[in-house]
Amino acid sequence: MKTPGRRITAAATAREWAVVTIEGKSCIEGIAKQGLVQRTGLSTRDLRAVDPGLSYPSSIFGRERAIVVNLEHIKAIITASEVLLSNSRDPLVEPVRRELESRLAGATQKLLSPNNAQGGQESTNDVPRGATTKALPFEFRALELCLELASKRLEMETLALEKEAYPALDELTHNVSTLNLERVRQIKSRLVGISSRVQKIRDELEHLLDDDVDMAFMHLSEKLMYQASVGQSSRFDFYKQPPQSNEESDGDHEEEDALQEEKGDENENETVIGFRPNLDELEMLLEAYFVQSEGILNKLATLREYVDDTEDYINIMLDDKQNQLLQMGIMLSTATMILSLGITIVGLLGMNIHIPLFDASPSLSFWEATGGVIGGSLGLYIIILAYYRKRKLL
């Protein structure tokens, strides 16, 4: 009764993977985590990078038997003979699978053509590494396709953002409204998101280009050939001298000088020490997409500068409007003060007291008083405005 229960549990924990072979054939397989570890040689920690349920940063790293690729919607494990795509039911993964099928099938047919079949062995031995006449290994072709599709998606999003952003920014400069401000705010948030995604891929490619050991781990086909020629089935030693014991590490300066001399003879000991492939092919491949990511970042940086310039222009416009409102407020406040002064004078003249002014003709005294109050108020208002302009307050 325990065995069926265990089978049900294993089947329940299995996840579907789209498997594309070196011949360009694909199928959907349910592979459990433990089976995937045995199949690819990866650790459970490495599998987190391709888990669709986890938010893992963009990364590309090589292991002894596989390359783990986590780029945008592409979460793949590349071995020397197949590609395993995670989250196979995702609509964004289906085009990746179809493109892998067509590319790998076309490359296989080209390699098996009569022209290549006659001189295939010669091209393997005689053509120098990095020459354009030699086909890339399977893992590099799959890695190139993953990089191409991820870069193409980011570039398409960048172009779409540019087409939407520039008209919206121009509209905002002509009409500062709540709707236009909301559109620009959304565009800016998308710009920040795309820039961070491109920056992560660019940093990952830069890290690989700076680390020869990581690039050496990604030569899966050559490692298998080297393993078959040497008869080695254990882990490979990349660029490293044999490990030293604690006694040797605690030696005197003379032993350290001897180690430095041994490092100078590294080229002579390469075939004995470990596996060291030619990194030209992979370096050129990664450098091409590094340059492409730099180009996308430059486009986004240009768009960000345009957004910043538009924001500065809008802030200048708003500051100018605010200054105009402040000037109008000063003028209104001054007019209110002058009007209040005139009202005070009229109130004093309207008091029921006897003064010599009341002895004159009523009609004449009314017009004189009214004209004097209005004229004095206007004259005082003009004098105050002239003072403001002299002090550059208006």
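# A predicted model: questions and answers

Colleague: Is Y388 buried or exposed?
Modeller: In this predicted model, the relative accessible area of Y388 is 17%. The cut-off for a buried residue is under 20%, so Y388 is buried.

Colleague: How many helices and strands does the secondary structure of the chain come to?
Modeller: The chain has 394 residues, of which 31% count as buried. Among contacts with a separation of 6 or more, 69% join residues 24 or more positions apart. The secondary structure comes to 14 helices and 6 strands.

Colleague: Which element of the chain has the lowest mean pLDDT?
Modeller: The average pLDDT of the chain is 78, and 74% of the residues score at least 70. Among the elements, α7 has the highest mean, at 93. The lowest mean, 36, belongs to helix α12 (residues 266-273).

Colleague: Over residues 239-273, how many contacts beyond four places in sequence does the model have?
Modeller: In residues 116-133 the pLDDT is below 50, and that stretch has 15 contacts beyond near neighbours in sequence. Where pLDDT is low, the predicted coordinates should not be read in detail. Residues 239-273 also stay under 50 in pLDDT, and for them the number of contacts beyond four places in sequence is 20.

Colleague: What is the angle between the planes of the aromatic pair Y166 and Y306?
Modeller: The structure holds 2 aromatic pairs. One of them is formed by Y166 and Y306, with ring centres 5.0 Å apart. An edge-to-face pair has planes over 60 degrees apart, and this pair is edge-to-face because its angle is 70°.

Colleague: Which helices hold Y166 and Y306?
Modeller: The pair links distant parts of the chain, as the two residues are 140 residues apart. Y166 is partly exposed at 26% relative accessibility, and Y306 is partly exposed at 29%. Y166 belongs to helix α6 (residues 138-174) and Y306 to helix α13 (residues 280-349).

Colleague: Why is the pair of Y387 and Y388 tilted?
Modeller: The ring centres of Y387 and Y388 are 6.4 Å apart. Stacked pairs have planes under 30 degrees apart and edge-to-face pairs over 60, the rest being tilted. The pair of Y387 and Y388 is therefore tilted, as its planes stand at 50°.

Colleague: Which helix gives the most to the lining of the second largest pocket?
Modeller: About 300 Å³ of space lies in this pocket. Of the 17 residues that line the pocket, Y56, N70, E72, H73 and K75 are the closest to its centre. By class, the lining has 5 nonpolar, 7 polar and 5 charged residues. With 3 residues, the most is given by helix α7 (residues 178-210).

Colleague: What is the phi of E72?
Modeller: E72 lies in the loop between β4 (67-71) and β5 (74-78). At 17% relative accessibility, this residue counts as buried. Its phi is positive, in a residue other than glycine, and is near 55°.

Colleague: Which residues does L154 touch, not counting those up to four places away in sequence?
Modeller: L154 lies in helix α6 and is buried, with a relative accessible area of 3%. Its C-alpha atom is separated by 8.3 Å from that of R197, which is 43 residues apart along the chain. Not counting residues up to four places away, L154 touches E72, R197, V198, I201 and I296.

Colleague: Which residues does L54 touch, not counting those up to four places away in sequence?
Modeller: The place of L54 is in the loop between α3 (44-47) and β3 (59-62). L54 counts as partly exposed, at 41% relative accessibility. Beyond four places in sequence, L54 touches R48 and K75.

Colleague: How many Å apart in space are T370 and V346, C-alpha to C-alpha?
Modeller: T370 lies in helix α14 (residues 362-390). At 27% relative accessibility, T370 counts as partly exposed. T370 and V346 are 24 residues apart in sequence, and their C-alpha atoms are apart by 8.3 Å.

Note on methods. Residues are numbered from 1 along each chain as its sequence is written. This is a predicted model: local features need pLDDT of at least 70, side-chain atom pairs count only at pLDDT 80 or more; totals for chains, interfaces and linings use all residues. Side-chain values use heavy atoms; hydrogens and water are left out. On a 1 Å grid over the protein atoms alone, a cavity is a set of points where a 1.4 Å probe fits but cannot get out, and a pocket is an open set with protein on both sides within 12 Å along at least five of seven lines; lining residues have an atom within 4 Å of a point. Grid points are joined across faces, edges and corners, and a volume is the space filled by probe spheres set on the points. Helices (H or I, at least four residues) and strands (E, at least two) are DSSP runs, numbered from the N terminus. Ala, Val, Leu, Ile, Met, Phe, Trp, Tyr, Cys and Pro count as nonpolar, Asp, Glu, Lys and Arg as charged, and the others, Gly among them, as polar. pLDDT is the predictor's confidence in each residue, from 0 to 100. Contact means heavy atoms within 4.5 Å. Rings of Phe, Tyr and Trp (its six-membered ring) pair if their centres lie within 6.5 Å; planes under 30 degrees apart count as stacked, over 60 as edge-to-face and the rest as tilted. Buried means under 20% relative accessible area, exposed over 50%, partly exposed in between (1.4 Å probe, protein chains only).
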